[in-house]
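Good morning, and thank you for coming. Please keep the sequence and the structure in view as I speak.

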Amino acid sequence: MGFRPERVPDPQRRPDASMDLLNNLRDTALDPSYPAVAAAGGGRRRGPVLLPALLVVGLLFGVALANQWRTAPAAAQERADLISRIATTEQHIDSLRARTAELDQGIRELERAGGALTPAELERADTLATRVGTTAVTGPGVRVTLDDGTDASVQGSQVVDADLRMVANSLWANGAEAVAINGHRLSSRTAIRNAGDAITVDYRSVTRPYVIEAIGDARVLEDAFRRSEGGAWVEGLAQHYGVQWSIGRVGEVALPADPGLGVDRARTRR
């Protein structure tokens with residue numbers, strides 16, 4: 001059995017002498033260049049650079065704002081000119097559409113006077129003309145009025161294209177013979193859609209209140225519409241979003257023809 005000598009502690013040795021490596025890593029954690037740059041004062045020279053930068057940015061904003069103020073009157077004038085041109089063009093289109101309707105009516109009268117069609121064919125032509133909207137019609141009917149809610153901050157309080165389509169389709173489904181929105185006769189080709197914040201009917205802008213007129217049995221149309229999906233739709237709009245609507249019977253409704261209808265394809269029936 002060997003003899004193991006006992007280790008005697010050195011009184012000059014530091015207690016943390018065994019942690020020299022960790023102490024060295026802690027003391028030299030920063031790159032030696034950092035203290036050198038800090039001693040030279042290079043890390044706190046933002047003031048002289050920041051001030052010119054702020055002046056340049058402020059100058060750019062000022063120039064942009066001045067340009068905007070300078071061009072604002074010109075932009076407003078350009079917008080007013082554009083609105084005026086649109087109104088003039090729409091008036092010209094209206095006159096052309098009215099002239100087209102007159103010519104169409106003249107053609108039908110000449111066809112009738114010429115005797116080219118039999119009485120049965122004439123009756124069928126008249127019925128189809130009423131249905132498709134190529135002839136003006138009058139008769140009893142109903143008038144549905146839709147308008148935006150009084151509180152414009154309520155989302156959904158504005159009447160949109162889907163609301164007008166729902167009303168028009170419900171009137172068709174419940175026996176209407178002819179329908180018009182704000183005086184624009186509806187046909188199978190009429191588009192009702194939103195264009196920005198406006199609603200267009202047959203590509204013509206219409207403004208509130210929106211008046212949908214339909215020819216047919218007034219009592220039947222009113223009662224059926226109130227019970228229909230369209231009636232439930234507008235009633236829901238009124239209850240939830242404040243949309244205003246009403247329906248009433250009218251003794252005589254006059255609806256113009258749709259002069260925009262044309263014949264693209266036709267063939268003789270044998």
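Two residues are said to be in contact when heavy atoms of theirs lie within 4.5 Å of each other. Please also bear in mind that this model is predicted.

Let us begin with leucine 146. Not counting residues up to four places away in sequence, leucine 146 touches Val159, Asp163, Leu164, Val167, Pro209, Tyr210, Ile212, Val234, Val243, Gln244 and Trp245.

The largest nonpolar core itself has 27 residues, and Leu146, Leu164, Leu171 and Ile212 have the most contacts inside it. Among the elements that each supply at least two of its residues are β1, α6 and β8. Helix α5 gives the most, with four residues. In general, nonpolar side chains tend to be buried together in soluble globular proteins.

Aspartate 163 lies in helix α5. Beyond its neighbours within four places in sequence, aspartate 163 is in contact with Leu146, Gln158, Trp233 and Leu237.

Finally, helix α6. Aspartate 217 caps its N-terminal end, with a side-chain oxygen 3.2 Å from the backbone nitrogen of arginine 219. Within α6, the buried residues include Leu221 and Phe225. The buried residues of this helix pack against β1, α5, β7, α7 and β8.

Definitions and conventions
Residues are numbered from 1 along each chain as its sequence is written. This is a predicted model: local features need pLDDT of at least 70, side-chain atom pairs count only at pLDDT 80 or more; totals for chains, interfaces and linings use all residues. Side-chain values use heavy atoms; hydrogens and water are left out. A nonpolar core is a set of buried Ala, Val, Leu, Ile, Met, Phe, Trp, Tyr and Cys residues joined through side-chain atoms within 4.5 Å. Buried means under 20% relative accessible area, exposed over 50%, partly exposed in between (1.4 Å probe, protein chains only). A polar contact is a pair of N or O atoms within 3.5 Å; within protein, one must be able to donate a hydrogen and the other to accept it, and residues adjacent in sequence count only if both atoms are side-chain atoms.
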